[in-house]
Amino acid sequence: MNAELKEHWSLRVIFALTTTFFFLAMVLGLIQSLRSSHRLPPINSHYTPEINALIENENYENAIPHLERAISIDLENTAKNKTLLAKICSVVAQSRIASGDPQGALLLYEKAYAATPDATDILNNLAWFLATCKDPSLRNGRRAVGLAVRADKAKPEDAATLDTLSAAYAEAGDFTNAVTTQRKAIRLSPAASQGDLQSRLDLYLEGKPYHAP
Amino acid sequence: MTQQSGSIALGPALLGREFVNPFFDYLLIGGGLSLFVAGFIFINPLGTNFITEATLAYFILASNSAHFAASTVRLYTKPGTYQSLPYVTMGLPVIMLAILVGCMFQADRLAPQLTSLYLTWSPFHYAAQAYGLTVMYCYRSGCTLSDNNKKLIWRVAMIPFLYNFIAMPNVGLHWLDFGGWLGNPATQQTFWFYFKYAMAFLAFGGIAYLWIRIAKTEKQVMPAICGLTLLTNGLWWFLFPPLQAFVWATIFHGIQYLAIVIIFHVRDQLARPENHHSRTYHICWFYGACILLGYGLFHCFPRAFIFLGFGPVESVLLVVAVIQIHHFIVDAFIWRLKKSDSNRKIVESASPALTS
């Protein structure tokens, strides 16, 4: 027995240190949870409470890299994380446009599209951006038409989608289809939003595409 | 006379020699409970709403987390393991911790690989457990198996794993598929559609073939619990979509594991000369230790890495992956049935009904 103890003494020392470190780490984890959420780690704790906390505090910029990492690592929740990432990227993209950063907005829309390439709202948002962005170097009429057609197929008879498709046709130089589609959008839209649609129709009738102010 | 003694022997032989009682063994160790739950979910998909995300977390702690912790508790409480397995008891935790810390620093590159590794390994582990339990019950029930029949049991048990390895997304062959031909729509339509049904036929038909073959070659009856164990091992993978199958298979594998490991622990402890505690004490002690350690491992330990500045995603998922891999390796050692091992004595021991 003594010989056995001597034989593995270095292993025992390392193991004792590792065990100590491990239990200290668990205590550290308890402290982290008490500090950040004033409670013991919940039974359903996963990484999502941290990400949800960032989203609730509108700290989207920090939530995005965590979600991207989650998509690459968490193979069991890929679809759910991709949907959330697309939603957050869309929200941040809109705020980037409002703050005058269309380049940043495009990167985020592309991230959203890469995550959920078949989501109608993402197709619609990216198509609208590519058709109407005030920065001409970022516009791409042909691609906008392709995306908007897919959105229209997924959500037919929808005024907003048709409006986007019209803008895409106009940017691509196809004003005939732009006018036809815009008229259909006006017929389907509620009275309150017909004014904006009509003003865009007037532009298309003059052979001019619509660009964001 | 011969016919009468044969018919008397068939019933008990088919029932097998249980560890606790037939109800307990068949429901929990054999996986019979999972048949009822599988049937319920299959017939009534909306009925799964009675298990919300919040309540599922408690199931997972009580079953999954506790079962992963159970192998560690068993390793360090089983008599003689420090002497017989010094590198598993003292070296392996160090190595796993080093791997964990290393992967934390290279999470982008290494975390997806580690996750795919443990997800690929899991169905193999469940299949190996089904094989181990089958052989154990055969041995315990007096159904001696030749090497060829053991190999056949191994192959039948491994069919669900093989199916997972080849067909499941992001793991197994798909994890290793550099060429991308597995994702080809033509491959999807022609091969995968028939592959699932062929594998299910082999998995379940194989059990019937196994039973007949053992009866013919060994002139003995394989206990029904062995067939049940192999059946339930395959059922979830073939009946449900991959993610759902994974969740439920892990829960019921966890219940099965906890049932058998507690039996072994309790019998080991009751056999110790210095023991002064009751069976109930040892059951509660062991399961309580598993719950506590499971909570610590899965809920507290990842937060230490978050505290140290690592992201929440890699902190949680890498800890989960490393704990599971550690569990798979430990399990390969603590269930051996060598002649000098206490496990062997427990397998050979009488059922409680016979000793009362």
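**View 1. Helices H7(B) and H14(B) meet side by side in this predicted model.** On H7(B), the contact uses Ala107(B), Ala111(B), Leu114(B), Thr115(B), Leu117(B), Tyr118(B), Trp121(B), Ser122(B) and His125(B). Facing them on H14(B) are Glu314(B), Leu317(B), Leu318(B), Ala321(B), Gln324(B), Ile325(B), Phe328(B) and Asp331(B). Two residues count as in contact if their C-beta atoms, placed from the backbone, lie within 7 Å. By class, this contact holds 11 nonpolar, four polar and two charged residues; Ala, Val, Leu, Ile, Met, Phe, Trp, Tyr, Cys and Pro count as nonpolar, Asp, Glu, Lys and Arg as charged, and the others, Gly among them, as polar. Helices here are DSSP runs (H or I, at least four residues), numbered from the N terminus.

The model is predicted, so local features need pLDDT of at least 70 and side-chain atom pairs count only at pLDDT 80 or more, while totals for chains, interfaces and linings use all residues. Residues are numbered from 1 along each chain as its sequence is written, and chains are lettered from A and ligands numbered from 1 in the order in which they are written.

**View 2. The geometry of the H7(B) and H14(B) pair.** H7(B) spans residues 107-140 and H14(B) residues 312-334; they pack at an angle of about 40°, with axes 9 Å apart. Axes are lines fitted to C-alpha atoms over the stretch in contact, and angles run from 0 to 180 degrees between N-to-C directions. The two helices are therefore oblique to each other (under 35 degrees is roughly parallel, over 145 roughly antiparallel, 65 to 115 roughly perpendicular, and the rest oblique). Their crossing is left-handed, meaning that the near helix is turned anticlockwise from the far one by less than a right angle.

**View 3. H3(B) packs with H11(B).** The axes of H3(B) (residues 32-43) and H11(B) (residues 224-239) come within 9 Å and cross at roughly 25°. That makes H3(B) roughly parallel to H11(B). Here too, the crossing is left-handed. Gly32(B), Ser34(B), Leu35(B), Ala38(B) and Phe42(B) of H3(B) make the contact with Leu228(B), Thr232(B), Leu235(B), Trp236(B) and Leu239(B) of H11(B). Seven of these residues are nonpolar, three are polar and none is charged.

**View 4. Where chain A touches chain B.** Chain A brings 31 residues to the contact and chain B brings 36. On the chain A side, H2 (9-37), H3 (48-56) and H4 (60-73) each supply at least two residues. H2(A) gives the largest share, 13 residues. This side of chain A has 15 nonpolar, 10 polar and six charged residues.
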